[in-house]
Amino acid sequence: MESALASRLRQVPDRRAERGRRHPLTVILVLAACATLVVGGDSMTAIWQWAARAPQVKLARIGARYDPLAGQYLVPSERTFRRVLADLDADALDAATCAYVTEVASGTAPAPEIPRTPGPIEREQRRAAQRAVEHPAPAGLLPAAALDGKALTGARTESGRIFLVGAVAHASGAVLGQSQVPDKRGEGEAARTLLAGLHLPGWVFTLDALHTTKKTARLITDRLDAHYVLILKGNQPLARAAAQALLAGTDTEWTETTEVEDDRGHGRTERRTIRTAQADDTLFPGAGQVFRLRRDTGGLDGTRTGKEIVFGVTSLPAHLAGPAHLNHYERAHWSIENKIHWVRDVTFHEDNSQVRTGTAPRALASFRNLGISTFRLAGRANIAHARRDLLSHNDAFAVYGI
């Protein structure tokens, strides 16, 4: 039975000329995906080195080219990896990898299994379990995803820097989709294109103030039959002023629609206080509520040293999302920074990558997203620790059922 990932990657079109084509595209993509899982698989050379030692039985299973004279299955050269990944249909690759992730998340494809180091539970895994107990999610949450963008440091096209917009599930941290724009100025349109291709009715999408536009709001509520949680800042001055007027007053006037959450960790304390009020289309397209979120931060001694107040709007009516729900959605939005962007930069060394040519930078970013999503769906909190658990080629191939 073919691996669910290999089946998806087989749908990526091969743009190479048939003449001189020695290695199937699926073989190259599967080897790159598996190599990216392991420690050190962060560069083109590292991917080729790992693939060069792949067991013959695994190469046969993924359809590698067989040389009857040498009596063995062949691995593409480093130059082939570089050339193929630099001239790839990157949109099709993202569609294939994210479709696989969605299949796993929905239970239609087998969940990945990562071997665990014997002994005590790893520290970050233990902290994640403890946090789930200390800060349980409110009942009745809808499935949600965060959208945000990230630049690939040093990588450029003829039209400018390579900037990627991704959608990440709040609960699992899996990447559901990714789209590219030439530069950050086109992020709004790229986000709408990405949203339109997700097909997730009933989901809640959280976006930062850059995406707080009427066009995006109408797309989410009308075409996608979904919900939004948006931040109101200077780019929507009238809506922000209206929300501020609706939410004015002392704390005692808002006790019935207020939620307070305290948090402690990483050398600081934080108190998040959110109040909500009903709204309608006259304030923003599809609006159901507006909210005011106040963040008070300070040291572990409890002294408050910082304060921030933001206003937002959501299409969720009060019976679907109370103050506790909106607080959770807004807080979970920033998981895309911690669960994806930070991991790609620090654990996978993306900002140190020297790959600059063609679609190769985006292709490697797609494989990193796939790897991170795979580890998250396997229930691993510490990605670096999980990568070190893949000690052999067989372990890495087995993650994707190969």
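A residue counts as buried under 20% relative accessible area, as exposed over 50%, and as partly exposed in between (1.4 Å probe, protein chains only). At 0% relative accessibility, Cys34 is therefore buried. Please keep in mind that this is a predicted model, where local features need pLDDT of at least 70, side-chain atom pairs count only at pLDDT 80 or more, and totals for chains, interfaces and linings use all residues. Residues are numbered from 1 along each chain as its sequence is written, and side-chain values use heavy atoms, with hydrogens and water left out.

**Cysteines**

With a disulfide taken as a pair of cysteine sulfur atoms within 2.5 Å, the count is zero. The table puts two cysteines side by side.

| Cysteine | Relative accessible area | Nearest cysteine sulfur |
|---|---|---|
| Cys34 | 0% | Cys98, 17 Å |
| Cys98 | 8% | Cys34, 17 Å |

**Helices H3 and H5**

Helices here are DSSP runs (H or I, at least four residues), numbered from the N terminus. The axes of H3 (residues 44-52) and H5 (residues 78-86) come within 9 Å and cross at roughly 125°; axes are lines fitted to C-alpha atoms over the stretch in contact, with angles from 0 to 180 degrees between N-to-C directions. H3 contributes Met44, Thr45, Ile47, Trp48 and Ala51 to the contact (heavy atoms within 4.5 Å), and H5 contributes Glu78, Phe81, Arg82 and Leu85.

Definitions and conventions: Helices (H or I, at least four residues) and strands (E, at least two) are DSSP runs, numbered from the N terminus.
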